[in-house]
Amino acid sequence: SQHLPIGIIADLTAPALLFAQTIGRIGDIVNGEHCAKATDLFIGFIWTHANSAANGCANGVGISVQPVIAYEMLWNMFALFIIWNLRGRIKPDGMLFMLYLALYSVGRFAVTFAREDKIWGLGMQEAHYIAILIICLTIPLLLFKARWISNDAAAAILESESQEPRPEIGTRAERRRQGRGN
């Protein structure tokens, strides 16, 4: 069986996930899906449509609430900036994805204090506990396994990978002949 480079694939998905999550949050703004605590801040969101998903929140339609969706979007863009700038500079493969998980969890932990979800215990919501679990798994892994590579070394690695000659594959008939030793 062919071994897939899981760490490389995971590292490639990290920036894409942050970008996609940010874009997906635009729909949450439109439909008022996330319940949040009331606010007097000028940046508060107010949903006005009676059929908005915000209608099911304690602070629902017509009440200014914390813009938790915007907070998460901003955090994701900040995390994307960090992840994007560390591409190729953190090894072994898979550590960039671990950093994504850690950064996302830190942001989600903070933002969840402004949300209005069911309290599970100790004043914290489900997302708090999940974030704590992910942080407890990823931070030690990053501390003990991740290696930082200098900008020069990362550039040299990327350059050498891009200059490797690609083998000629040939036609189907040529590949068959090579397989038979002709």
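Reader: Leaving aside its neighbours within four places in sequence, which residues is Lys 145 in contact with?

Author: In this predicted model, Lys 145 lies in helix H4 and is partly exposed, with a relative accessible area of 45%. Lys 145 is 50 residues from Met 95 in sequence, while their C-alpha atoms are 8.1 Å apart in space. Once the neighbours within four places are set aside, the contacts of Lys 145 are Lys 91, Pro 92 and Met 95.

Reader: Where is Pro 92 found, and is the peptide bond from Lys 91 to Pro 92 cis or trans?

Author: Pro 92 is found in the loop between E1 and H3. As background, most peptide bonds are trans. The bond that leads from Lys 91 into Pro 92 has omega near 0 degrees, and its geometry is cis.

Reader: Which residues is Asp 11 in contact with, leaving aside its neighbours within four places in sequence?

Author: Asp 11 is found in helix H1, and its relative accessible area of 12% is under the 20% limit, so Asp 11 counts as buried. The C-alpha atom of Asp 11 is separated by 9.3 Å from that of Ile 83, a residue 72 places away along the chain. Its contacts beyond four places in sequence are Pro 92, Asp 93, Gly 94, Met 95, Leu 96 and Phe 97.

Reader: Are H1 and H2 roughly parallel or roughly antiparallel to each other?

Author: The axes of H1, residues 6-31, and H2, residues 68-86, come within 9 Å and cross at roughly 165 degrees, and H1 passes H2 in a left-handed crossing. Angles over 145 degrees count as roughly antiparallel. The arrangement of H1 and H2 is therefore roughly antiparallel.

Reader: How many nonpolar, polar and charged residues does the contact of H1 with H2 have?

Author: On the H1 side the contact includes Leu 18, Phe 19, Arg 25, Ile 26 and Ile 29, and on the H2 side it includes Met 73, Met 77, Leu 80, Ile 83 and Trp 84. Sorted by class, the contact of H1 with H2 has 13 nonpolar, three polar and three charged residues.

Reader: Which loop holds Pro 67, and which residues is Pro 67 in contact with, leaving aside its neighbours within four places in sequence?

Author: Pro 67 is found in the loop between H1 and H2, and at 3% relative accessibility it counts as buried. Pro 67 and Phe 45 are 22 residues apart in sequence, with 5.6 Å between their C-alpha atoms. Beyond the neighbours within four places, the contacts of Pro 67 are Ile 43, Gly 44 and Phe 45.

Reader: How many of the residues of H3 are buried?

Author: H3 has 18 residues, and the distance from its first C-alpha to its last is 25 Å, close to the 26 Å expected at 1.5 Å a residue. H3 is largely enclosed by the rest of the structure, because the number of its 18 residues that are buried is 14.

Reader: How many nonpolar, polar and charged residues does the contact of H3 with H4 have?

Author: The axes of H3 and H4 come within 8 Å and cross at roughly 145 degrees, and their crossing is left-handed. Among the residues that meet are Met 98, Leu 99, Val 106 and Phe 109 in H3, and Ile 135, Ile 139, Leu 142 and Lys 145 in H4. By class, the contact of H3 with H4 has 15 nonpolar, four polar and two charged residues.

Reader: What do the buried residues of H4 pack against?

Author: The end C-alpha atoms of H4 are 29 Å apart, which agrees with the 28 Å that its 20 residues should span at 1.5 Å a residue. Ala 127, His 128, Ala 131, Thr 138 and Leu 142 are buried in H4. The buried residues of H4 pack against strand E1, H3 and strand E3.

Reader: What is phi of Leu 122, and is Leu 122 buried or exposed?

Author: Leu 122 is found in the loop between strand E2 and E3, and at 80% relative accessibility it counts as exposed. In general, most residues other than glycine have a negative phi. Leu 122, a residue other than glycine, has a positive phi, near 55 degrees.

Definitions and conventions. Residues are numbered from 1 along each chain as its sequence is written. This is a predicted model: local features need pLDDT of at least 70, side-chain atom pairs count only at pLDDT 80 or more; totals for chains, interfaces and linings use all residues. Side-chain values use heavy atoms; hydrogens and water are left out. Axes are lines fitted to C-alpha atoms, for helices over the stretch in contact, and angles run from 0 to 180 degrees between N-to-C directions. Helices (H or I, at least four residues) and strands (E, at least two) are DSSP runs, numbered from the N terminus. Angles under 35 degrees count as roughly parallel, over 145 as roughly antiparallel, 65 to 115 as roughly perpendicular and the rest as oblique. A crossing is left-handed if the near helix is turned anticlockwise from the far one by less than a right angle, and right-handed if clockwise. Contact means heavy atoms within 4.5 Å. Ala, Val, Leu, Ile, Met, Phe, Trp, Tyr, Cys and Pro count as nonpolar, Asp, Glu, Lys and Arg as charged, and the others, Gly among them, as polar. The expected span of a helix is 1.5 Å times one less than its number of residues. Buried means under 20% relative accessible area, exposed over 50%, partly exposed in between (1.4 Å probe, protein chains only).
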